[in-house]
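Look at the model below and keep the sequence beside it.

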Amino acid sequence: MWAPGCFGQTFKNNMKFQAKRISKVDPDKIIYKKYGERYLTYRKLWSSISREHVPDFPPHIDFELFDKCNQSCVMCARNEKLHPNIEYSINTKTRFPIDLFKKIIDEGKTKNLYSVNFGAFAEPFVNPECLNMVRYAHDQGIVDSRLITNGLLLGKNSSEIFMSGLTQLFISVDALTEKTYEKIRGKGFQHVVQNTIHFLEERSKRKTQLPIVRVSFVEMEMNKNEKDDFIKFWADKADFIDIQTFQNENEKIGENLKQNKKFDCDSPFGRISVLSDGSVIPCCNFYGRTLKIGNAFHQTIEDIWKSEKMSDVRKKLISGTNTTCETCQRA
């Protein structure tokens, strides 16, 4: 089994990236070694979730820590020049406040919240409170946390990461050469590679297996010739590698929908995402920003989770009648 995430294996992937995982470790065994029965309880709960069995509280929450990124990648909706048809507000530079984060974690402490993601939708290290949030979450009983980063700010935060309790560190790389990296993500290739290698070396010196380290490669026309060598380079370094296939989000908007394809997204039945302005959406996809189901500043997570708006999203997913999900799922 695998903990939830936008590229997780327990629920079918509803993102524009379909992932293939190459792993040399068993994350469940490593995290269980630290958290024991509480982690097992979480995994059993997660495995029990289905469209017929929705828990009373989401066991996993994704957090957008800052509504802006320090890169402008070609495959990301935040690159407004390449994705001009976006139908939602984005890049507002809104920072997720730590007080709101603590409020949500405190509520979840007694309601079976076990897992959090600090890398939803943008670079989390841009928010200076990021690792304070990680530490607070684990102090309050969270057993699985993942932080998805582009690695540019990894070096200056490495020592604090080890002290925070973070269980999974996901680093997006997408290239094997500086030239290709600049086409996809911009400047900083050598910095990211060295930051990642140094972090793994430091983890080895500390004689710990946590956080588990993933590197990822979003395969597209401009980098597909580097995929095999990318895997070879990182195979003896990272704990696992994700190879993700990219579909152009801009091309999806307005094209003919394949009506014979069934919805396979189960995210709203086991997770939610909280954006930097407090808005709550039912999945970890940018499309979900048009399906806001509440606001954590003014409502409890439990009330939002059990709301009519959230129920309506689930019902329409089951019936295949949600037009926003239709664009994400069928295009």
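Aspartate 312 counts as partly exposed, at 34% relative accessibility. On this scale, buried means under 20% relative accessible area, exposed means over 50%, and partly exposed lies in between (1.4 Å probe, protein chains only). This is a predicted model, in which local features need pLDDT of at least 70 and side-chain atom pairs count only at pLDDT 80 or more, while totals for chains, interfaces and linings use all residues. Residues are numbered from 1 along each chain as its sequence is written, and side-chain values use heavy atoms, with hydrogens and water left out.

The side chain of aspartate 312 forms a salt bridge with that of lysine 316 (3.4 Å, N to O). A salt bridge here is a side-chain nitrogen of Lys or Arg within 4 Å of a carboxyl oxygen of Asp or Glu. Lysine 316 is partly exposed, with a relative accessible area of 31%. Both residues belong to helix α10 (residues 308–319), where they sit 4 residues apart and are therefore separated by about one helical turn. Helices (H or I, at least four residues) and strands (E, at least two) are DSSP runs, numbered from the N terminus. An α-helix has 3.6 residues a turn, so residues three or four places apart point the same way.

By the rule above, the count comes to 20 salt bridges. One of them joins the side chains of lysine 306 and glutamate 302 (3.0 Å, N to O), and lysine 306 is partly exposed at 48% relative accessibility. What about a pair from distant parts of the chain? Aspartate 242 and arginine 21 meet in a salt bridge (2.9 Å, N to O). Aspartate 242 lies in strand β7 (residues 240–246) and arginine 21 in strand β1 (residues 17–23), 221 residues apart. Aspartate 242 is buried, with a relative accessible area of 0%, and arginine 21 counts as buried at 18%. Elsewhere, a network of salt bridges links Glu64, Asp67, Arg78 and Arg289.

Next comes helix α4. In this helix (residues 154–164), Leu154, Asn157, Ser158, Ile161, Phe162 and Ser164 are buried. Seen down the axis of α4, its buried residues fall within an arc of 150° (taken from the directions from the helix axis to the C-beta atoms), so they line one face of the helix. The face turned away from the buried side of α4 carries the exposed residues Lys156 and Met163. What do the buried residues of α4 pack against? They pack against α3 (130–139), β5 (168–172) and α6 (189–205), where contact means heavy atoms within 4.5 Å. Just after α4, glycine 165 takes a positive phi of about 95°.

The nonpolar interior comes next. In soluble globular proteins, nonpolar side chains tend to be buried together. A nonpolar core is a set of buried Ala, Val, Leu, Ile, Met, Phe, Trp, Tyr and Cys residues joined through side-chain atoms within 4.5 Å. The largest such core has 57 residues, of which Phe63, Phe96, Ile104, Phe118, Leu147 and Val274 touch the most other members. A second, separate core of 20 residues includes Ile31, Tyr42, Trp46 and Phe269.

Finally, consider the whole protein. Its secondary structure comes to 11 helices and 10 strands. Of its 331 residues, 58% count as buried. Among contacts between residues at least 6 apart in sequence, 73% join residues at least 24 apart.
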